[in-house]
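Have the picture open while you read, and take the points one at a time.

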Amino acid sequence: MNTADQYVKAIYLLQQMENGPASTGALADMMEVSPASANEMIGKLESRGLAEHEKYKGVTLTDDGIVRARDALQTYCIIERFLSNVLDVEEFRAEARELEPVIDGMIADRLDTIIDRNADCPDCFDPETDACKYLDVCGSEAETETEAAD
Amino acid sequence: MSVGYQVTSDHQLARLLQIGIVLEEVVEARAYHHHEELDEDTLDEEIRDLLSHAAEESADHRERLEAIIDRLDVDSVPFEEIEALVEAQYGQTKPEDFDGVLYDQLCNEETAYKFYDDVITAIEASDAQFTIDREELVETLAEIREEEADGVEEVTRIMEERE
């Protein structure tokens, strides 16, 4: 997933959590970069028609930006589910964040063929826990989505 | 891939190689099921040879990736578990669920090429020390990437000839 996709995904999640525009500071925190770097990327996203920035309010995704963000979030969900369900990784959230930049959407599509994902993906993603709601974030009990998917 | 992504540890490297193993296993399983399930009208000798070669090559790539993981300082998921999981998934797939065999094969080769290319770039961007010699590691992955590129060319040639 390229850097722009990681940013639109972060903005999308922040907009959900804040129920409004995403602040530059919160975006910088989520992306673990300086506010200046976040601002620079916001400018690039604006020039590509993916986001709009309003001074003192924050950044909001355009319709095109939302489509892109949902694709990126779906890719991220696939990575999390693949790590948790196939490779049995307990710390799947931390590892998904590490792997996200190198796993392209095309590769995620192939991984997706061997995992069961719910029809409501990526709406299944809970920004508060940074995980698909069907995955157990404690790593103790298996999820129940298989029945739901069937 | 995001600019500047780096592989910084044996653990991260092993995880990426495990993903490579799964991708190779998917290629092998799909080739096997195409071969087994589709009739002779759909699969002529040239396509049968292509699928058979794809399955053999994926098995070889998987073994080479496993050999690298074995030399890293990590715990690995036993390959049998991945094999069983992929087989369970494809064992239930009817032939009509697959897109055109050649198109599917092209996607397999292109995806694998892209994956190895991204991993090599991420290794080269990093100055981390791995348990395995970096030069040997990149050389092995570059060889595999080259074979995937040959695969893309071969499938493309057959597709063009049949247009």
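1. Let's start where the two chains meet, keeping in mind that this is a predicted model. On the chain B side, 22 residues are in contact with 19 residues of chain A.

2. Which helices of chain B each supply at least two residues of the side that touches chain A? Look for α1 (10-37), α3 (79-91) and α4 (101-124) of chain B. The largest share comes from α1(B), with 7 residues.

3. Now chain B by itself. Its secondary structure comes to 5 helices and 0 strands, so you can read it along the sequence as α-α-α-α-α. Of its 163 residues, 33% count as buried.

4. Still on chain B, here's something about how the chain folds back on itself. Take the contacts in chain B with a separation of 6 or more: residues 24 or more positions apart account for 85% of them.

5. Over to chain A, which is divided into two domains: domain 1 covers 3-66 and domain 2 covers 72-149. How far apart are the C-alpha centres of these domains of chain A? They lie 23 Å apart.

6. The two domains of chain A also touch: 8 residues of domain 1 are in contact with 7 residues of domain 2. On the domain 1 side of that contact, the residues divide into 4 nonpolar, 2 polar and 2 charged.

7. Finally, zoom in on one residue, A:I42, which has its place in helix α3 (residues 35-47) of chain A. Is A:I42 buried or exposed? A:I42 counts as buried because 22 other C-beta atoms lie within 10 Å, and the cut-off for buried is 20 or more.

8. Who are the neighbours of A:I42? Leaving out residues up to four places away in sequence, A:I42 touches A:T24, A:A51, A:H53 and A:V59.

Key: Residues are numbered from 1 along each chain as its sequence is written. Chains are lettered from A and ligands numbered from 1 in the order in which they are written. This is a predicted model: local features need pLDDT of at least 70, side-chain atom pairs count only at pLDDT 80 or more; totals for chains, interfaces and linings use all residues. Helices (H or I, at least four residues) and strands (E, at least two) are DSSP runs, numbered from the N terminus. A residue is buried if 20 or more other C-beta atoms lie within 10 Å of its own, exposed if 12 or fewer, and partly exposed in between; C-beta atoms are placed from the backbone. Domain bounds come from an automatic or database domain assignment. Ala, Val, Leu, Ile, Met, Phe, Trp, Tyr, Cys and Pro count as nonpolar, Asp, Glu, Lys and Arg as charged, and the others, Gly among them, as polar.
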